[in-house]
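Welcome to a short tour of a protein model. Open your viewer, keep the selection tool handy, and follow along stop by stop.

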Amino acid sequence: MNGDAIRVLFVTPECAPLAKTGGLGDVSAALPAALRQLGIDVRVLLPGYPGVFAAVNHARELARLTLFEPPLASRLLETRLATGVPLMILDNPPLYRRDGGPYQNASGEDWRDNGLRFGLLSKAAAVLGSTSSPLPWRPQVIHCHDWPAALACAYLHYASGPRAANIVTVHNLAFQGNFDPGMVASLGLPPASYAADGLEFHGRMSFLKAGLVYADAITTVSPTYAHEIQSEACGAGMHRLLQRRRSVLSGILNGIDAAAWNPATDPYLPHHYRSDALERKRLDKQALQDRLQLAHDPDDVPLLGVVSRLTHQKGADLLVQAALELAALPAQLVILGSGQREHEDALRALAAHAPGRIAVTVGFDEALAHLIEAGADMFLMPSRFEPCGLNQMYSQRYGTPPIAHATGGLTDTIVDYSPGTLAAGNATGFLFDQPTVAALLAAVRRAVAVYRERDNWRMLQQNGMARDFSWIAAARQYAELYLRLAARRGSPP
Ligand code: ADP
(Lines give C-alpha, C1' and ligand atoms only; values in the text may rest on other atoms or scores of the structure.)
Protein backbone atom coordinates (compact mmCIF):
# COMPACT_ATOMS: atom_id res chain seq x y z
CA MET A 1 0.00 0.00 0.00
CA ASN A 2 1.64 3.31 -0.96
CA GLY A 3 2.18 5.93 1.73
CA ASP A 4 -0.27 8.39 0.16
CA ALA A 5 -3.17 5.94 0.17
CA ILE A 6 -6.20 7.18 2.05
CA ARG A 7 -6.56 5.39 5.40
CA VAL A 8 -9.97 3.99 6.36
CA LEU A 9 -11.08 2.03 9.43
CA PHE A 10 -14.04 -0.21 8.54
CA VAL A 11 -15.95 -0.92 11.76
CA THR A 12 -18.42 -3.78 11.66
CA PRO A 13 -20.08 -6.39 13.92
CA GLU A 14 -19.94 -9.04 11.11
CA CYS A 15 -17.45 -10.16 8.50
CA ALA A 16 -17.93 -13.39 6.51
CA PRO A 17 -16.84 -16.11 6.88
CA LEU A 18 -15.71 -15.30 10.46
CA ALA A 19 -19.07 -13.90 11.61
CA LYS A 20 -22.21 -13.63 9.49
CA THR A 21 -25.93 -13.40 10.17
CA GLY A 22 -26.97 -11.77 6.88
CA GLY A 23 -25.98 -9.44 4.07
CA LEU A 24 -23.77 -7.21 6.28
CA GLY A 25 -21.34 -10.14 6.76
CA ASP A 26 -20.98 -10.49 2.98
CA VAL A 27 -20.54 -6.74 2.49
CA SER A 28 -17.84 -6.54 5.18
CA ALA A 29 -15.84 -9.26 3.43
CA ALA A 30 -16.19 -8.09 -0.15
CA LEU A 31 -16.21 -4.28 0.01
CA PRO A 32 -12.85 -3.84 1.83
CA ALA A 33 -11.23 -6.25 -0.64
CA ALA A 34 -12.57 -4.19 -3.57
CA LEU A 35 -11.43 -0.95 -1.88
CA ARG A 36 -7.92 -2.30 -1.53
CA GLN A 37 -7.85 -3.02 -5.23
CA LEU A 38 -8.52 0.69 -5.73
CA GLY A 39 -5.49 1.55 -3.56
CA ILE A 40 -7.39 2.45 -0.35
CA ASP A 41 -5.54 1.52 2.87
CA VAL A 42 -8.59 -0.04 4.55
CA ARG A 43 -8.46 -2.05 7.78
CA VAL A 44 -11.39 -3.89 9.34
CA LEU A 45 -12.20 -3.67 13.08
CA LEU A 46 -14.28 -6.61 14.38
CA PRO A 47 -15.06 -7.96 17.88
CA GLY A 48 -13.13 -11.10 18.84
CA TYR A 49 -15.93 -13.69 18.77
CA PRO A 50 -14.97 -17.38 19.10
CA GLY A 51 -15.51 -17.85 15.33
CA VAL A 52 -12.89 -15.19 14.64
CA PHE A 53 -10.22 -16.91 16.75
CA ALA A 54 -11.15 -20.29 15.27
CA ALA A 55 -10.47 -18.95 11.78
CA VAL A 56 -7.26 -16.95 12.26
CA ASN A 57 -3.92 -18.64 12.85
CA HIS A 58 -1.86 -15.94 14.34
CA ALA A 59 -2.82 -12.51 15.57
CA ARG A 60 -0.21 -10.17 16.99
CA GLU A 61 -0.95 -7.75 19.79
CA LEU A 62 -0.97 -4.14 18.61
CA ALA A 63 -2.03 -2.34 21.77
CA ARG A 64 -4.01 -2.50 24.98
CA LEU A 65 -7.00 -0.27 25.48
CA THR A 66 -8.49 0.63 28.84
CA LEU A 67 -11.83 2.33 28.35
CA PHE A 68 -14.85 3.39 30.40
CA GLU A 69 -15.36 3.76 34.14
CA PRO A 70 -15.07 1.28 35.86
CA PRO A 71 -12.21 0.46 33.51
CA LEU A 72 -12.63 -2.25 30.90
CA ALA A 73 -9.35 -3.66 29.60
CA SER A 74 -9.19 -5.01 26.03
CA ARG A 75 -6.50 -6.02 23.60
CA LEU A 76 -6.24 -4.92 20.01
CA LEU A 77 -4.85 -7.70 17.81
CA GLU A 78 -3.88 -7.65 14.17
CA THR A 79 -3.98 -10.31 11.47
CA ARG A 80 -5.15 -10.51 7.86
CA LEU A 81 -8.35 -11.70 6.23
CA ALA A 82 -8.11 -14.30 3.45
CA THR A 83 -8.46 -11.41 0.97
CA GLY A 84 -5.28 -9.81 2.33
CA VAL A 85 -7.16 -6.99 4.07
CA PRO A 86 -5.69 -6.23 7.53
CA LEU A 87 -8.07 -7.22 10.33
CA MET A 88 -7.97 -5.64 13.79
CA ILE A 89 -9.65 -7.77 16.43
CA LEU A 90 -11.06 -6.13 19.54
CA ASP A 91 -10.41 -8.83 22.12
CA ASN A 92 -12.42 -8.67 25.32
CA PRO A 93 -13.11 -12.30 26.31
CA PRO A 94 -15.89 -11.66 28.86
CA LEU A 95 -17.85 -9.60 26.32
CA TYR A 96 -17.20 -11.37 23.03
CA ARG A 97 -15.91 -14.91 23.55
CA ARG A 98 -19.28 -16.56 24.05
CA ASP A 99 -21.07 -19.40 22.30
CA GLY A 100 -23.91 -18.05 20.19
CA GLY A 101 -24.19 -15.36 17.54
CA PRO A 102 -22.86 -11.81 17.37
CA TYR A 103 -26.05 -10.36 18.85
CA GLN A 104 -27.88 -13.30 20.39
CA ASN A 105 -27.34 -16.37 22.51
CA ALA A 106 -27.90 -19.89 21.19
CA SER A 107 -31.62 -19.65 22.06
CA GLY A 108 -32.08 -16.57 19.90
CA GLU A 109 -32.35 -14.01 22.74
CA ASP A 110 -30.41 -10.75 22.49
CA TRP A 111 -27.36 -10.63 24.75
CA ARG A 112 -28.43 -8.48 27.69
CA ASP A 113 -25.24 -6.42 27.60
CA ASN A 114 -25.33 -5.58 23.87
CA GLY A 115 -25.19 -1.88 24.78
CA LEU A 116 -21.85 -2.39 26.51
CA ARG A 117 -20.55 -4.88 23.92
CA PHE A 118 -21.12 -2.58 20.96
CA GLY A 119 -20.55 0.61 22.93
CA LEU A 120 -17.04 -0.75 23.46
CA LEU A 121 -16.61 -1.49 19.74
CA SER A 122 -17.75 2.05 18.89
CA LYS A 123 -15.57 3.65 21.57
CA ALA A 124 -12.48 1.71 20.45
CA ALA A 125 -13.07 2.84 16.86
CA ALA A 126 -13.39 6.46 17.94
CA VAL A 127 -10.18 6.26 20.00
CA LEU A 128 -8.31 4.92 16.96
CA GLY A 129 -9.59 7.92 14.99
CA SER A 130 -8.47 10.53 17.53
CA THR A 131 -5.22 11.87 18.99
CA SER A 132 -5.53 9.48 21.95
CA SER A 133 -4.94 6.46 19.70
CA PRO A 134 -2.07 4.19 20.83
CA LEU A 135 -1.34 3.28 17.18
CA PRO A 136 0.92 5.06 14.67
CA TRP A 137 -1.59 4.18 11.91
CA ARG A 138 -4.25 6.88 12.03
CA PRO A 139 -7.37 6.52 9.88
CA GLN A 140 -8.60 9.61 8.05
CA VAL A 141 -12.08 8.11 7.77
CA ILE A 142 -13.99 5.83 10.14
CA HIS A 143 -16.67 3.89 8.27
CA CYS A 144 -19.30 2.57 10.71
CA HIS A 145 -21.73 -0.19 9.75
CA ASP A 146 -25.20 -0.38 11.29
CA TRP A 147 -26.12 0.42 14.88
CA PRO A 148 -23.39 -1.70 16.56
CA ALA A 149 -20.72 0.69 15.21
CA ALA A 150 -22.77 3.88 14.94
CA LEU A 151 -22.06 5.24 18.43
CA ALA A 152 -18.48 5.94 17.23
CA CYS A 153 -19.90 9.03 15.48
CA ALA A 154 -21.09 10.44 18.83
CA TYR A 155 -17.73 9.75 20.51
CA LEU A 156 -15.90 11.48 17.65
CA HIS A 157 -18.28 14.42 17.85
CA TYR A 158 -17.43 14.92 21.53
CA ALA A 159 -13.68 14.19 21.16
CA SER A 160 -11.26 17.10 21.36
CA GLY A 161 -8.52 17.86 18.87
CA PRO A 162 -8.12 16.58 15.32
CA ARG A 163 -10.13 13.46 14.53
CA ALA A 164 -11.17 11.27 11.65
CA ALA A 165 -14.14 12.03 9.43
CA ASN A 166 -16.91 9.47 9.80
CA ILE A 167 -19.61 7.74 7.80
CA VAL A 168 -22.48 5.56 8.95
CA THR A 169 -23.90 3.01 6.53
CA VAL A 170 -27.44 1.82 7.22
CA HIS A 171 -27.92 -1.77 6.09
CA ASN A 172 -31.34 -1.99 7.75
CA LEU A 173 -33.05 0.92 9.51
CA ALA A 174 -35.28 -1.49 11.44
CA PHE A 175 -32.35 -2.50 13.67
CA GLN A 176 -31.61 0.55 15.80
CA GLY A 177 -29.82 -0.50 18.98
CA ASN A 178 -32.11 1.33 21.46
CA PHE A 179 -31.13 0.97 25.15
CA ASP A 180 -31.88 2.22 28.63
CA PRO A 181 -30.91 5.92 28.97
CA GLY A 182 -28.65 4.93 31.90
CA MET A 183 -26.25 3.66 29.26
CA VAL A 184 -25.34 7.26 28.32
CA ALA A 185 -23.38 7.61 31.57
CA SER A 186 -22.00 4.08 31.64
CA LEU A 187 -20.69 4.47 28.11
CA GLY A 188 -18.94 7.72 29.05
CA LEU A 189 -21.00 10.11 26.94
CA PRO A 190 -21.85 13.59 28.27
CA PRO A 191 -25.36 14.03 29.75
CA ALA A 192 -26.03 16.78 27.17
CA SER A 193 -25.81 14.17 24.39
CA TYR A 194 -29.07 12.64 25.64
CA ALA A 195 -31.36 15.16 23.94
CA ALA A 196 -33.92 15.25 21.14
CA ASP A 197 -31.23 16.51 18.76
CA GLY A 198 -28.82 13.86 20.06
CA LEU A 199 -29.12 10.26 21.20
CA GLU A 200 -32.61 10.34 22.69
CA PHE A 201 -35.24 8.35 20.78
CA HIS A 202 -38.66 7.86 22.38
CA GLY A 203 -37.19 7.75 25.89
CA ARG A 204 -34.32 5.40 24.92
CA MET A 205 -30.73 6.05 23.92
CA SER A 206 -30.31 5.02 20.30
CA PHE A 207 -27.01 3.94 18.78
CA LEU A 208 -28.30 4.24 15.23
CA LYS A 209 -29.69 7.70 15.85
CA ALA A 210 -26.25 8.75 17.11
CA GLY A 211 -24.85 7.81 13.72
CA LEU A 212 -27.63 9.57 11.83
CA VAL A 213 -27.23 12.77 13.90
CA TYR A 214 -23.44 13.04 14.11
CA ALA A 215 -21.92 11.31 11.05
CA ASP A 216 -20.36 13.48 8.37
CA ALA A 217 -22.09 11.30 5.76
CA ILE A 218 -24.87 8.72 5.84
CA THR A 219 -25.16 6.02 3.21
CA THR A 220 -27.64 3.22 2.66
CA VAL A 221 -27.21 0.18 0.47
CA SER A 222 -29.37 1.29 -2.47
CA PRO A 223 -30.48 4.68 -3.85
CA THR A 224 -34.19 3.84 -3.65
CA TYR A 225 -33.92 2.82 0.01
CA ALA A 226 -32.11 6.12 0.74
CA HIS A 227 -35.17 7.87 -0.66
CA GLU A 228 -37.78 5.61 0.98
CA ILE A 229 -36.45 5.96 4.53
CA GLN A 230 -37.23 9.66 4.41
CA SER A 231 -40.95 8.76 4.35
CA GLU A 232 -43.07 8.02 7.41
CA ALA A 233 -44.01 4.60 6.01
CA CYS A 234 -40.40 3.38 5.74
CA GLY A 235 -38.52 5.65 8.14
CA ALA A 236 -38.97 3.54 11.32
CA GLY A 237 -39.50 6.76 13.31
CA MET A 238 -36.30 8.35 11.96
CA HIS A 239 -37.77 9.86 8.75
CA ARG A 240 -37.83 13.49 9.91
CA LEU A 241 -34.22 13.32 11.03
CA LEU A 242 -33.28 11.72 7.70
CA GLN A 243 -35.15 14.44 5.81
CA ARG A 244 -33.16 17.09 7.70
CA ARG A 245 -29.92 15.30 6.88
CA ARG A 246 -30.71 14.54 3.25
CA SER A 247 -27.84 16.70 1.97
CA VAL A 248 -25.38 14.15 3.41
CA LEU A 249 -27.51 11.05 2.71
CA SER A 250 -26.93 8.89 -0.38
CA GLY A 251 -27.47 5.31 -1.54
CA ILE A 252 -24.69 3.11 -2.91
CA LEU A 253 -25.87 -0.21 -4.29
CA ASN A 254 -24.20 -3.33 -2.86
CA GLY A 255 -22.39 -5.70 -5.18
CA ILE A 256 -22.17 -9.48 -5.02
CA ASP A 257 -19.28 -11.92 -4.87
CA ALA A 258 -19.24 -12.72 -8.58
CA ALA A 259 -16.73 -15.56 -8.11
CA ALA A 260 -18.74 -17.41 -5.44
CA TRP A 261 -22.00 -16.90 -7.37
CA ASN A 262 -21.16 -18.05 -10.88
CA PRO A 263 -23.20 -20.90 -12.41
CA ALA A 264 -20.28 -21.80 -14.70
CA THR A 265 -17.98 -22.67 -11.77
CA ASP A 266 -20.13 -22.89 -8.59
CA PRO A 267 -18.77 -25.90 -6.61
CA TYR A 268 -22.18 -26.46 -5.00
CA LEU A 269 -23.81 -27.25 -8.36
CA PRO A 270 -23.93 -30.77 -9.80
CA HIS A 271 -24.11 -29.26 -13.33
CA HIS A 272 -22.49 -26.08 -14.59
CA TYR A 273 -23.96 -23.87 -17.28
CA ARG A 274 -23.48 -20.60 -19.15
CA SER A 275 -25.87 -18.21 -20.81
CA ASP A 276 -25.17 -19.76 -24.21
CA ALA A 277 -25.90 -23.32 -22.96
CA LEU A 278 -28.96 -22.77 -20.79
CA GLU A 279 -30.46 -26.18 -21.51
CA ARG A 280 -28.00 -27.58 -18.93
CA LYS A 281 -29.78 -25.58 -16.23
CA ARG A 282 -32.58 -28.16 -16.44
CA LEU A 283 -30.19 -30.78 -15.00
CA ASP A 284 -29.84 -28.68 -11.84
CA LYS A 285 -33.64 -28.40 -11.70
CA GLN A 286 -33.88 -32.18 -11.74
CA ALA A 287 -31.16 -32.49 -9.09
CA LEU A 288 -33.12 -30.06 -6.90
CA GLN A 289 -36.37 -31.95 -7.46
CA ASP A 290 -34.64 -35.25 -6.60
CA ARG A 291 -33.09 -33.82 -3.45
CA LEU A 292 -36.47 -32.52 -2.24
CA GLN A 293 -38.57 -35.42 -3.52
CA LEU A 294 -40.51 -33.31 -5.98
CA ALA A 295 -41.89 -34.83 -9.18
CA HIS A 296 -40.16 -34.22 -12.52
CA ASP A 297 -43.19 -32.33 -13.85
CA PRO A 298 -43.59 -31.48 -17.54
CA ASP A 299 -41.41 -28.63 -18.75
CA ASP A 300 -44.14 -26.02 -18.76
CA VAL A 301 -44.61 -26.33 -14.98
CA PRO A 302 -42.23 -23.75 -13.48
CA LEU A 303 -40.36 -24.24 -10.23
CA LEU A 304 -40.47 -21.16 -7.95
CA GLY A 305 -37.59 -20.74 -5.50
CA VAL A 306 -37.26 -18.79 -2.22
CA VAL A 307 -34.18 -18.39 0.03
CA SER A 308 -34.91 -15.97 2.82
CA ARG A 309 -35.19 -15.11 6.46
CA LEU A 310 -38.80 -16.08 7.23
CA THR A 311 -39.97 -12.78 8.66
CA HIS A 312 -42.65 -10.16 8.16
CA GLN A 313 -40.09 -7.91 6.44
CA LYS A 314 -39.41 -10.60 3.84
CA GLY A 315 -43.15 -11.21 3.27
CA ALA A 316 -43.06 -14.77 4.63
CA ASP A 317 -46.75 -14.41 5.59
CA LEU A 318 -47.58 -13.52 1.96
CA LEU A 319 -45.86 -16.71 0.81
CA VAL A 320 -47.86 -18.72 3.35
CA GLN A 321 -51.11 -17.24 2.05
CA ALA A 322 -50.21 -17.57 -1.63
CA ALA A 323 -48.58 -21.03 -1.55
CA LEU A 324 -51.58 -23.22 -2.43
CA GLU A 325 -52.71 -20.94 -5.24
CA LEU A 326 -49.17 -20.88 -6.60
CA ALA A 327 -49.04 -24.69 -6.52
CA ALA A 328 -52.38 -24.82 -8.37
CA LEU A 329 -51.12 -22.68 -11.30
CA PRO A 330 -49.59 -25.33 -11.63
CA ALA A 331 -46.11 -24.64 -10.25
CA GLN A 332 -43.71 -26.19 -7.79
CA LEU A 333 -42.60 -24.14 -4.79
CA VAL A 334 -39.26 -24.64 -3.01
CA ILE A 335 -38.59 -22.60 0.14
CA LEU A 336 -35.41 -22.49 2.24
CA GLY A 337 -35.29 -20.25 5.28
CA SER A 338 -35.58 -19.76 8.98
CA GLY A 339 -36.96 -17.03 11.17
CA GLN A 340 -40.27 -16.45 12.93
CA ARG A 341 -41.67 -19.70 14.30
CA GLU A 342 -45.24 -19.07 13.11
CA HIS A 343 -44.09 -18.77 9.48
CA GLU A 344 -41.83 -21.82 9.74
CA ASP A 345 -44.71 -23.89 11.14
CA ALA A 346 -47.24 -22.65 8.59
CA LEU A 347 -44.92 -23.42 5.69
CA ARG A 348 -44.12 -26.89 7.03
CA ALA A 349 -47.85 -27.59 7.24
CA LEU A 350 -48.33 -26.48 3.62
CA ALA A 351 -45.54 -28.79 2.47
CA ALA A 352 -47.22 -31.69 4.28
CA HIS A 353 -50.51 -30.75 2.60
CA ALA A 354 -49.03 -30.62 -0.94
CA PRO A 355 -46.18 -33.15 -1.10
CA GLY A 356 -44.48 -33.30 -4.48
CA ARG A 357 -45.50 -29.68 -5.15
CA ILE A 358 -44.31 -27.65 -2.15
CA ALA A 359 -40.98 -28.38 -0.41
CA VAL A 360 -39.96 -26.44 2.69
CA THR A 361 -36.54 -26.69 4.36
CA VAL A 362 -36.22 -24.85 7.65
CA GLY A 363 -32.62 -23.95 8.49
CA PHE A 364 -29.53 -22.29 7.05
CA ASP A 365 -28.00 -24.29 4.20
CA GLU A 366 -25.47 -22.61 1.89
CA ALA A 367 -25.31 -25.58 -0.52
CA LEU A 368 -29.09 -25.80 -0.92
CA ALA A 369 -29.28 -22.01 -1.37
CA HIS A 370 -26.95 -22.30 -4.39
CA LEU A 371 -28.87 -25.27 -5.81
CA ILE A 372 -32.18 -23.38 -5.52
CA GLU A 373 -30.72 -20.35 -7.33
CA ALA A 374 -29.65 -22.67 -10.17
CA GLY A 375 -32.49 -25.22 -10.19
CA ALA A 376 -35.47 -22.85 -9.88
CA ASP A 377 -37.04 -21.30 -12.96
CA MET A 378 -38.10 -18.14 -11.11
CA PHE A 379 -37.14 -16.61 -7.76
CA LEU A 380 -39.69 -14.99 -5.41
CA MET A 381 -38.95 -11.98 -3.16
CA PRO A 382 -42.15 -10.44 -1.76
CA SER A 383 -40.21 -8.30 0.78
CA ARG A 384 -42.21 -5.46 2.35
CA PHE A 385 -39.00 -3.44 2.37
CA GLU A 386 -35.55 -4.41 1.17
CA PRO A 387 -32.55 -2.12 1.80
CA CYS A 388 -30.63 -3.83 -0.99
CA GLY A 389 -31.15 -7.62 -1.13
CA LEU A 390 -28.66 -10.05 -2.58
CA ASN A 391 -30.68 -13.01 -3.78
CA GLN A 392 -32.30 -11.14 -6.66
CA MET A 393 -28.81 -10.38 -7.99
CA TYR A 394 -27.68 -13.99 -7.52
CA SER A 395 -30.81 -15.25 -9.28
CA GLN A 396 -30.27 -12.97 -12.30
CA ARG A 397 -26.74 -14.33 -12.64
CA TYR A 398 -28.15 -17.86 -12.49
CA GLY A 399 -30.69 -17.28 -15.26
CA THR A 400 -33.54 -17.46 -12.72
CA PRO A 401 -35.57 -14.26 -13.23
CA PRO A 402 -36.72 -12.70 -9.95
CA ILE A 403 -40.34 -11.80 -9.18
CA ALA A 404 -40.21 -9.12 -6.50
CA HIS A 405 -42.04 -6.31 -4.74
CA ALA A 406 -40.83 -3.00 -6.19
CA THR A 407 -39.09 -1.68 -3.10
CA GLY A 408 -35.59 -0.49 -2.16
CA GLY A 409 -32.74 -2.35 -3.81
CA LEU A 410 -35.16 -4.65 -5.63
CA THR A 411 -36.36 -1.66 -7.66
CA ASP A 412 -32.76 -0.64 -8.33
CA THR A 413 -31.54 -4.03 -9.55
CA ILE A 414 -34.48 -5.57 -11.47
CA VAL A 415 -35.86 -4.23 -14.75
CA ASP A 416 -39.54 -5.15 -15.04
CA TYR A 417 -40.54 -7.20 -18.07
CA SER A 418 -42.60 -5.63 -20.84
CA PRO A 419 -42.39 -6.23 -24.58
CA GLY A 420 -40.61 -2.84 -24.75
CA THR A 421 -37.98 -3.54 -22.08
CA LEU A 422 -37.38 -6.99 -23.55
CA ALA A 423 -36.91 -5.59 -27.06
CA ALA A 424 -34.49 -3.00 -25.65
CA GLY A 425 -32.46 -5.83 -24.05
CA ASN A 426 -33.10 -4.53 -20.50
CA ALA A 427 -35.82 -6.70 -18.93
CA THR A 428 -34.53 -9.04 -16.21
CA GLY A 429 -37.54 -9.93 -14.03
CA PHE A 430 -41.00 -8.98 -12.77
CA LEU A 431 -41.88 -6.27 -10.25
CA PHE A 432 -45.18 -5.72 -8.44
CA ASP A 433 -46.27 -2.52 -6.73
CA GLN A 434 -47.96 -3.63 -3.50
CA PRO A 435 -46.83 -6.23 -0.96
CA THR A 436 -50.10 -8.16 -1.19
CA VAL A 437 -51.04 -11.74 -2.04
CA ALA A 438 -53.09 -10.54 -5.03
CA ALA A 439 -50.20 -8.53 -6.49
CA LEU A 440 -47.75 -11.39 -5.92
CA LEU A 441 -50.05 -13.88 -7.66
CA ALA A 442 -50.67 -11.51 -10.57
CA ALA A 443 -46.93 -11.03 -11.08
CA VAL A 444 -46.30 -14.79 -10.99
CA ARG A 445 -49.08 -15.32 -13.56
CA ARG A 446 -47.48 -12.66 -15.76
CA ALA A 447 -44.14 -14.46 -15.44
CA VAL A 448 -45.63 -17.89 -16.18
CA ALA A 449 -47.16 -16.55 -19.41
CA VAL A 450 -43.74 -15.33 -20.57
CA TYR A 451 -42.13 -18.60 -19.38
CA ARG A 452 -44.25 -20.42 -21.95
CA GLU A 453 -42.93 -18.16 -24.76
CA ARG A 454 -39.61 -19.98 -24.81
CA ASP A 455 -37.61 -17.49 -26.90
CA ASN A 456 -38.69 -14.47 -24.86
CA TRP A 457 -37.95 -16.30 -21.62
CA ARG A 458 -34.47 -17.16 -22.82
CA MET A 459 -33.79 -13.51 -23.67
CA LEU A 460 -34.97 -12.50 -20.20
CA GLN A 461 -32.61 -15.04 -18.64
CA GLN A 462 -29.69 -13.94 -20.79
CA ASN A 463 -30.27 -10.25 -20.00
CA GLY A 464 -30.02 -11.00 -16.28
CA MET A 465 -26.94 -13.19 -16.70
CA ALA A 466 -25.17 -10.40 -18.58
CA ARG A 467 -25.67 -7.82 -15.79
CA ASP A 468 -22.54 -6.71 -13.93
CA PHE A 469 -23.23 -6.72 -10.17
CA SER A 470 -19.56 -6.80 -9.13
CA TRP A 471 -18.32 -4.76 -6.18
CA ILE A 472 -16.01 -2.48 -8.10
CA ALA A 473 -18.71 0.08 -8.99
CA ALA A 474 -19.72 0.38 -5.33
CA ALA A 475 -16.09 0.55 -4.18
CA ARG A 476 -15.45 3.48 -6.54
CA GLN A 477 -18.36 5.43 -5.08
CA TYR A 478 -17.23 4.79 -1.48
CA ALA A 479 -13.66 5.77 -2.44
CA GLU A 480 -14.90 9.09 -3.83
CA LEU A 481 -16.84 9.74 -0.65
CA TYR A 482 -13.79 8.95 1.52
CA LEU A 483 -11.64 11.35 -0.51
CA ARG A 484 -14.22 14.12 -0.27
CA LEU A 485 -14.65 13.74 3.49
CA ALA A 486 -10.92 13.43 4.19
CA ALA A 487 -10.19 16.55 2.13
CA ARG A 488 -12.86 18.51 3.99
CA ARG A 489 -11.62 17.34 7.41
CA GLY A 490 -8.05 18.44 6.62
CA SER A 491 -5.08 17.11 8.61
CA PRO A 492 -5.60 13.63 10.09
CA PRO A 493 -5.39 13.06 13.87
P1 ADP B 1 -30.80 -10.01 4.81
O2 ADP B 1 -29.40 -9.56 5.10
O3 ADP B 1 -31.85 -8.97 5.05
O4 ADP B 1 -31.19 -11.32 5.43
P5 ADP B 1 -29.89 -10.24 2.05
O6 ADP B 1 -30.61 -10.66 0.80
O7 ADP B 1 -29.17 -8.92 2.00
O8 ADP B 1 -30.94 -10.29 3.23
O9 ADP B 1 -28.80 -11.34 2.43
C10 ADP B 1 -29.14 -12.59 2.93
C11 ADP B 1 -28.01 -13.55 2.65
O12 ADP B 1 -28.18 -14.72 3.45
C13 ADP B 1 -27.99 -14.04 1.23
O14 ADP B 1 -26.66 -14.37 0.89
C15 ADP B 1 -28.90 -15.29 1.30
O16 ADP B 1 -28.67 -16.20 0.27
C17 ADP B 1 -28.47 -15.85 2.61
N18 ADP B 1 -29.50 -16.67 3.25
C19 ADP B 1 -30.63 -16.25 3.86
N20 ADP B 1 -31.30 -17.29 4.41
C21 ADP B 1 -30.58 -18.39 4.12
C22 ADP B 1 -30.73 -19.79 4.41
N23 ADP B 1 -31.78 -20.25 5.12
N24 ADP B 1 -29.79 -20.66 3.98
C25 ADP B 1 -28.73 -20.20 3.26
N26 ADP B 1 -28.52 -18.90 2.95
C27 ADP B 1 -29.43 -18.01 3.38
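**Stop 1: a loop**

Start by selecting Ala174, which sits in the loop between β7 (165-170) and β8. Is Ala174 buried, partly exposed or exposed? Its relative accessibility is 45%, so Ala174 counts as partly exposed. Keep in mind as you look around that this is a predicted model.

Along the chain, Ala174 and Gly237 are 63 residues apart, while 9.5 Å separates their C-alpha atoms.

**Stop 2**

To see a bridge pair, select Glu200, whose bridge partner in β10 is Met205.

**Stop 2: the cysteines**

Colour the cysteines. How many disulfides does the structure hold? The count is zero. Take Cys15, which is in no disulfide: the nearest cysteine sulfur belongs to Cys144 and is 15 Å away. Cys15 is also buried, with a relative accessible area of 0%.

Move on to Cys144, where the closest cysteine sulfur is that of Cys153.

**Stop 3: a pocket between domains**

For the last stop, select Asp26, Ala29, Ala30, Thr83 and Asp257. Among the 29 residues lining the second largest pocket, these five lie nearest its centre. The pocket holds about 720 Å³ of space.

Which helix gives the most to this lining? That is α1, with six residues. Show α1 (23-37) and α13 (366-375) side by side; each supplies at least two residues of the lining. If you colour the lining by residue type, you will find 19 nonpolar, five polar and five charged residues.

Finally, colour domain 1 (7-255 + 472-489) and domain 2 (278-466) separately. Both domains give residues to the lining of the second largest pocket, so this pocket lies between them.

Methods:
Residues are numbered from 1 along each chain as its sequence is written. This is a predicted model: local features need pLDDT of at least 70, side-chain atom pairs count only at pLDDT 80 or more; totals for chains, interfaces and linings use all residues. Side-chain values use heavy atoms; hydrogens and water are left out. On a 1 Å grid over the protein atoms alone, a cavity is a set of points where a 1.4 Å probe fits but cannot get out, and a pocket is an open set with protein on both sides within 12 Å along at least five of seven lines; lining residues have an atom within 4 Å of a point. Grid points are joined across faces, edges and corners, and a volume is the space filled by probe spheres set on the points. Helices (H or I, at least four residues) and strands (E, at least two) are DSSP runs, numbered from the N terminus. Ala, Val, Leu, Ile, Met, Phe, Trp, Tyr, Cys and Pro count as nonpolar, Asp, Glu, Lys and Arg as charged, and the others, Gly among them, as polar. Domain bounds come from an automatic or database domain assignment. A disulfide is a pair of cysteine sulfur atoms within 2.5 Å. Buried means under 20% relative accessible area, exposed over 50%, partly exposed in between (1.4 Å probe, protein chains only). Two strands pair if DSSP finds at least two bridges between them.
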